[in-house]
Amino acid sequence: MPAVEDVARAYDEAAADPAFIHAHENLLRDYVGRPSPLTEAKRLSDMLGVRIFLKREDLNHTGAHKINHTLGQILLAQRLGKERIIAETGAGQHGVATATACALMGLGCVVYMGAVDVDRQALNVQRMQLLGAELITVKSGSQTLKDAINDAFRDWAARPYDTYYCIGTVTGPDPYPRMVRDFQSIVGREVKQQLGSISPDLLVACVGGGSNAIGLFHPFLESDIAMVGVEAGGRGMSPGDHGATLTMGSKGVLHGTSTYMLQNDDGQVIETHSISAGLDYPGVGPEHAALKTSGRVDYYSVSDAEALAAFRLLTKLEGILPALESSHALAWIIREASFLKGKTVVMNLSGRGDKDLGILAENRDSV
């Protein structure tokens, strides 16, 4: 707890410091390449009868939205005087973004990644190692994101004096959920400006831990625009076959936060499955849990097969390869297109799909 409290104090001070804010904004502009474009997917829109805009986080340096919050957190780590950074990763995008920020700022980097994810995200493993990160393969439990987080917390508990834990989503103990949300809210703020006079009917994003979704949603929460988060329906709705925490889970405590989680009657975590490593997690950020409880945001799930089909469709129609995580959000729009006719939808395309091409090849006959 002292280490967590130190981070909370430092973030509260940094969030009120114009110099810190300016340094982060400069990196987002000059290093990441923000603002990311808002692209109208015209051929897909014509096919579905729904006007679809894609927020192109796939075009950020490192290929996903994760760089938005890793740069902010590494600046905070420097403010705290930490020289060793640890992180967890599932799909590898947070690990790549953390390793990139550490390389830029000359800090040591250790990334925990489940053995299952190491195998299915080999490209991002190579990228992290090229960037100078030490990769630790986690072989306990389900050998996926949950277990990587477990081991990262154990590391931080053992070495709080020189280590900063760069958490990759809007979960964990305070201040992480609000800190990552604040850094990611640049996504929704840019969308507001880029839409101009266009008023969308709906915002859609995939939800694993929930960082890309809350980044899009948060600046619009006071509006009357509808919002949908899309989770991993996996192979089906039986326990162990999906990662649909908000649609199938119950209230509990996981990784230092009170939220919805997938658990059995004894409160033990149920293992998850998703074809997308970034959505393969049995919990979710607490703000998403609150938004579900209040009814402000609706949450649904789509299957592995639907996500694969959406990946292929966007690639063929628009020349854009979406990450399998983002493909879940697109799959929901495709499935619900008959009910969305004539509406304007903004979808957060949270990352690019180069990392998933091996999975696509393995599942070429699945749809």
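In what order do the four strands of the open sheet stand, and is the pairing parallel or antiparallel? The order is 5-4-3-6 and the pairing is parallel, where two strands pair if DSSP finds at least two bridges between them. This is a predicted model, in which local features need pLDDT of at least 70 and side-chain atom pairs count only at pLDDT 80 or more, while totals for chains, interfaces and linings use all residues. Residues are numbered from 1 along each chain as its sequence is written, and side-chain values use heavy atoms, with hydrogens and water left out.

- Strand 5 (134-138) and strand 6 (163-165) are the edge strands, each pairing on one side only; strands (E, at least two residues) and helices (H or I, at least four) are DSSP runs, numbered from the N terminus.
- From one strand to the next the twist averages 25 degrees.
- Three bridges join strand 3 and strand 6 in the parallel sense, and Arg84 stands opposite Thr163 in strand 6.

**Helices on the sheet**

- Helix 5 lies across strand 3 and strand 4 (108-114) and runs at about 165 degrees to strand 3; angles run from 0 to 180 degrees between N-to-C directions, with axes fitted as lines to C-alpha atoms, for helices over the stretch in contact.
- Helix 8 packs on the sheet and touches strand 3, strand 4, strand 5 and strand 6, contact meaning heavy atoms within 4.5 Å, and its direction makes about 160 degrees with that of strand 3.

**Helix 9 and helix 10**

- The axes of helix 9 (residues 176-184) and helix 10 (residues 186-195) are 5 Å apart and pack at an angle of about 30 degrees, which means that helix 9 is roughly parallel to helix 10, a label given to angles under 35 degrees.
- Asp182, Phe183 and Gln184 in helix 9 meet Ile186, Val187, Gly188 and Arg189 in helix 10.
- The residues of this contact divide into three nonpolar, two polar and two charged, with Ala, Val, Leu, Ile, Met, Phe, Trp, Tyr, Cys and Pro counted as nonpolar, Asp, Glu, Lys and Arg as charged, and the others, Gly among them, as polar.

**Cavity**

- The structure holds one cavity of 30 Å³ or more, a cavity being a set of points on a 1 Å grid over the protein atoms alone where a 1.4 Å probe fits but cannot get out.
- The largest cavity has a volume of about 350 Å³, taken as the space filled by probe spheres set on the points, which are joined across faces, edges and corners.
- Of the 31 residues that line the largest cavity, His65, Lys66, Ala91, Gly278 and Glu325 are the closest to its centre; lining residues have an atom within 4 Å of a point.
- Strand 3 (84-89), helix 5 (93-105), helix 8 (145-158), helix 11 (211-217) and helix 15 (324-335) each supply at least two residues of this lining.

Conventions
1 Å grid on protein atoms, 1.4 Å probe; cavity = no way out; pocket = protein on both sides within 12 Å on 5 of 7 lines; lining within 4 Å. Parallel < 35°, antiparallel > 145°, perpendicular 65-115°, else oblique.
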